[in-house]
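Reader: Hi! Could you walk me through the cavities and some of the helix packing in this one?

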Amino acid sequence: MSFTTMEQLKTIGRELAMGSQGVWGSSKEFLELVKTIGEAKSKAEEERIVLAEIESLKRRIQEPDVPRKKMKEYIMRLVYVEMLGHDASFGYIHAVKMTHDDNLLLKRSGYLAVTLFLNEDHDLIILIINTIQKDLKSDNYLVCCAALTAVCRLINEETIPAVLPQIVELLNHQKELVRKKAVMALHRFFQRSPSTVSHLFPAFQERLCDRDPSVMSAVLCALYDMILVNVKPFKHLVASLVSILKQAVEHRLPKSYDYHRTPAPFVQIKLLKILALLGTGDKAASENMFNVLGDILKRSDSTSNIGNAILYECVRTLTSIYTNPRLLQNAAEITAKFLKSDNHNLKYMGIDALGRLIKITPECAENHQLAVIDCLEDPDDTLKRKTLDLLYKMTKANNVEVIVERMVEYIRNISDNHYKTEISSRVIELAERYAPSNQWFIQTMNQVFEIAGDLVPQKVAHDLMRLIAEGAGEEDEDADSHLRSSAVQAYLQILKEPKLPSILLQVISWVLGEYGIADGSHSAEFIIGKLCDIVATRPGDDKLKGYVVSAITKICAFEKAAGQTVDLIPECVSFIEELYASHSTDLQQRIYEFHAVLKLDRDTIASILPMDASCEDIEVDKDLSFLNSFVESALANGSRPYLSDNERRGMGAMTTLASNNDAGTSSLLRFQPYEKPSIPEPAAALVTASHYSQDAIDQHDIYSSTITVSTSSRAPESSSNDGTRLKLEGVQKKWGRPTYTPEAQVPKNPINISDSVKVSSSAAGKEASSRNSSAPPYTERKQPSQEISAEKKKLAASLFGSKAGETKAKPAAKLQQNGTSKKAPAKPTSPPAPAPAPPPADLLDLSDSLPQIPSVDPVDQLADLISVDSSAATSTTSLVEQVLDAGKVATKGPSPQASLQKDSVSRQVGVTPSGGTNPDLFKDLFG
Amino acid sequence: MIRFVLLISRQGKVRLTKWYSPYTQKERLKAIRELSALILPRGPKLCNFVEWKGLKVVYKRYASLYFCICVDSEDNELDGLEVIHHYVQVLDRYFGNVCELDLIFNFHKAYFILDEILIAGELQESSKKSVSRVISAQDTLVENAKEQASSLSNMIAQATK
């Protein structure tokens, strides 16, 4: 044997030793890879290393006759690479091949790799089905398990039938492990396509009585999902589920299911979830549960995390099933305990539980005012958001201002679009539902637009414009115009800020156009200048330009109608010139209309664009009687008389028929395509009159919204020769088909709120009036936004000092009437100091005084609570230690030595775990 | 239901990922990036939950590793926390004082163990004993294979002496 071969053999031997017996059971190359990645200084370097690895794997994996063991190693490296976020799709097929291997070790690795690589809709899955089918029949239960695990991940709706019969068979396998996985697989099938397993409900129920608890708990997962879809077929299970829960609670399941000394907590939680579903709105079923629920509340220890998980789940169940006052009382106590805890997790759960409780007993929120405010002020974002959720649930007319202010403040500071959208939509909802005044509503909306901008749906902007236009919906014109001029003022103020969202600018343009010069405090030039500034900030926004042009049109029209001349400022002129050649037909049309309107005489303008008429109803002359003279003159000039749609169709059919007869041979073939276009017509024809008039209304609406024409004023105008397009429109309606009306304009129409006004005018009117009937007129109102902070200070002072700012504390007073005054002194959290002072008012108004609370709140008040907590802490640690000690006996080596060894080896290899100093994962946790 | 399991180190390096709902590679990367940015800077005293895109992510830090699971918004967070702890305890039992290196180099074993604890996004086995039993049953088969390999390498080693 030559020297070189010896060397080669040595290397092979070393590699094999590394590969099979290496410290971590991995090959040297893999260790190298991990090491270099671990040492990479930057993301780019890491990227480079991984890409190089991919290249080499790509090359080597395609070599012929790769030994199977080597292949496994390559595939594991692919998994690793893919885990780091790179594409390893070139190797998928090899992973699939590996699942065909007879060696279980390789097969298992193959399955692992494919479950990690492939989504259930991947093309390669079809190649695995056959293997899975074979493996499901295997004698070796481990092979079965591996296949079942893969089934859960890979089988999609189409392939379910291929494996279903075998899996159903496995439900009766002798090994509990296989039965359990078969149940899980069927559960997965149910999620994918419920109908495929719907016939198996009895089989599931049978497995519920399996002698092995793990199979039973797997069935519970499936049951939960099934009951979620439909409760009915499972009602009869209540009694047996309750008895299972009872057994679990009474510690009758095998000891190995204990977790931190709590008997089978995961099973308990699952059962509680199911019972919550089954007991919803069902008194009889709920009564069955009360006993065991009470038992759980009594037995669960609130010192361990898992005990609290059960308690929380229990509260959830109690709040969703038929109510039992006694148990609800217990639930409230648990919630209180959560809220008072120092642990943030428990506080979070407490807030959530409180949110559920107040749905049933709204008054219980008042006991926890301070805790809630604490959470709201907490630096923890998660907790804050959860608290906002809670506040959203408990918003009433009397606290809406403060809560909305909080929410607005919160969205001002976050950047996550998902939650910005969600919370701003909540703000809008609350504001719409509970707004104390229109002024406040408008201000709130402005804030929301400013912050959330284009995340707000368009409808909200329309509603806002409608509100400004309609005002109070009462006869109080003074109040309305006051509202409008204050809106104009506010918007002029807002315009000074840079970077406003488009939707807000649209609203501003509309309001300035309608009401900018209404109260006479601003000149037309000034407003037009502002409007031009708006356009200048967003040059590419056609929609906004449309709004601005309409606004300018209106202002010019108002000015002319008032007998004044309008001198357009240079920017405006250049803006307009530009639009004559705009690519947007909508803009072009607007600008031509603008031009046409300006040419008209004073009276006509006044009648087509009256001041403040955006929400006047437009009366439509359905018969188009104003066109009669025109029609007559046309007839006199020899035009053909108008045929109604019916007549015309009759003729059309006849002509088709005639032409068909003429065509002779090809009649059958040609008949179909000619017939088709007339098919949709009959339905329309039946309602011709209303149809056309409806169309006319639409047409008018487009008009009314662009230049606010009122029909009555239109009659003379359209008969004159000047307003060409208007007349054409009418003519088209009369004689033409309704197909070519400029529909495209409708969606682009900036101010189509008049539509919505019409549709919902009655409802809106009611809403507005009801909103306003509860609110005093604006003239007596002060600026809320400035007022609130002052109010709060006063309230805080009244709470912690002796000064009573009662006169201004309106919302507070309301809440006091609600019964807080009676309850607040009794609540356990409230510090003794404020007791002699006036009772706490609106819970949120306390927020400013928060920092003072701890100083006033004596610790000894909570001493017993804290002592419980500390004992809880110690007992948990000891518990953990015990568990760990128990674990250590069974583990492979004494811990310090093992970790030392690992440490030294890692140093040899040169890999530093990202943790740095302490490779021992459990050290800080378990001491 | 658990949407995915994610193990990231304090430096944001991914140690293990398991997706129970379909996510494309792009979405996965995005999720990992967003969640690392969300979770890693959080202080030790804050709560172990973060809301993320209408879902909730429950996380727990063990030494330098963050174990995160993403659950539905209606799920019990404390329960999720205990699922994590359960997994870690099983890992600890298996590796004997588990450390990050174990998970780096034996990530496939960590996957096998995870497969025995969670399946299709649900907790399938809450008994540590059963999990250990299955894993060791599977390992004995692996051990057999190893013995063959090591005997071969011994032979080579002896031949080259």
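Predicted model: local features only at pLDDT ≥ 70, side-chain atom pairs only at ≥ 80, totals over all residues.

Reader: Great. How many cavities of 30 Å³ or more does the search find?

Author: The search covers the whole structure and finds 13 of them. On a 1 Å grid over the protein atoms alone, a cavity is a set of points where a 1.4 Å probe fits but cannot get out, and lining residues have an atom within 4 Å of a point. A volume is the space filled by probe spheres set on the points, which are joined across faces, edges and corners.

Reader: How much space lies in the largest cavity, and which residues lie nearest its centre?

Author: The largest cavity holds about 140 Å³. It is lined by 13 residues, and Glu82(A), Met83(A), Thr17(B), Trp19(B) and Arg28(B) lie nearest its centre. Elements giving two or more residues to this lining are helix H4 (68-83) and helix H6 (104-117) of chain A, plus strand S2 (14-19) and helix H1 (25-39) of chain B. Helices (H or I, at least four residues) and strands (E, at least two) are DSSP runs, numbered from the N terminus.

Reader: Which helix gives the largest share of that lining?

Author: H1(B) does, with four residues. The lining of the largest cavity has eight nonpolar, three polar and two charged residues. Here Ala, Val, Leu, Ile, Met, Phe, Trp, Tyr, Cys and Pro count as nonpolar, Asp, Glu, Lys and Arg as charged, and the others, Gly among them, as polar.

Reader: And what about the second largest cavity?

Author: That one has about 110 Å³ of space. Its lining is 13 residues, with Arg108(A), Ala146(A), Thr149(A), Phe112(B) and Asp115(B) nearest the centre. By class, the lining of the second largest cavity has six nonpolar, three polar and four charged residues.

Reader: Switching to helices: at what angle do H3(A) and H4(A) pack?

Author: Helix H3 (residues 43-61) of chain A and H4(A) pack at about 150°, with axes 11 Å apart. Axes are lines fitted to C-alpha atoms, for helices over the stretch in contact, and angles run from 0 to 180 degrees between N-to-C directions. H3(A) and H4(A) are therefore roughly antiparallel, a word used for angles over 145 degrees.

Reader: What residues make that contact?

Author: From H3(A) they are Val50(A), Glu53(A), Ile54(A), Leu57(A), Arg60(A) and Ile61(A), and from H4(A) they are Lys70(A), Met71(A), Tyr74(A), Arg77(A), Leu78(A) and Val81(A). Contact means heavy atoms within 4.5 Å. The contact of H3(A) with H4(A) has eight nonpolar, no polar and four charged residues.

Reader: How far apart are the axes of H14(A) and H15(A)?

Author: The axes of helix H14 (residues 238-249) of chain A and helix H15 (residues 265-279) of chain A are 10 Å apart, and the angle is about 150°. That makes H14(A) roughly antiparallel to H15(A). The residues of the contact of H14(A) with H15(A) divide into twelve nonpolar, one polar and no charged.

Key: Residues numbered from 1 in each chain as written. Chains lettered and ligands numbered in written order. Heavy atoms only, no water. Parallel < 35°, antiparallel > 145°, perpendicular 65-115°, else oblique. 1 Å grid on protein atoms, 1.4 Å probe; cavity = no way out; pocket = protein on both sides within 12 Å on 5 of 7 lines; lining within 4 Å.
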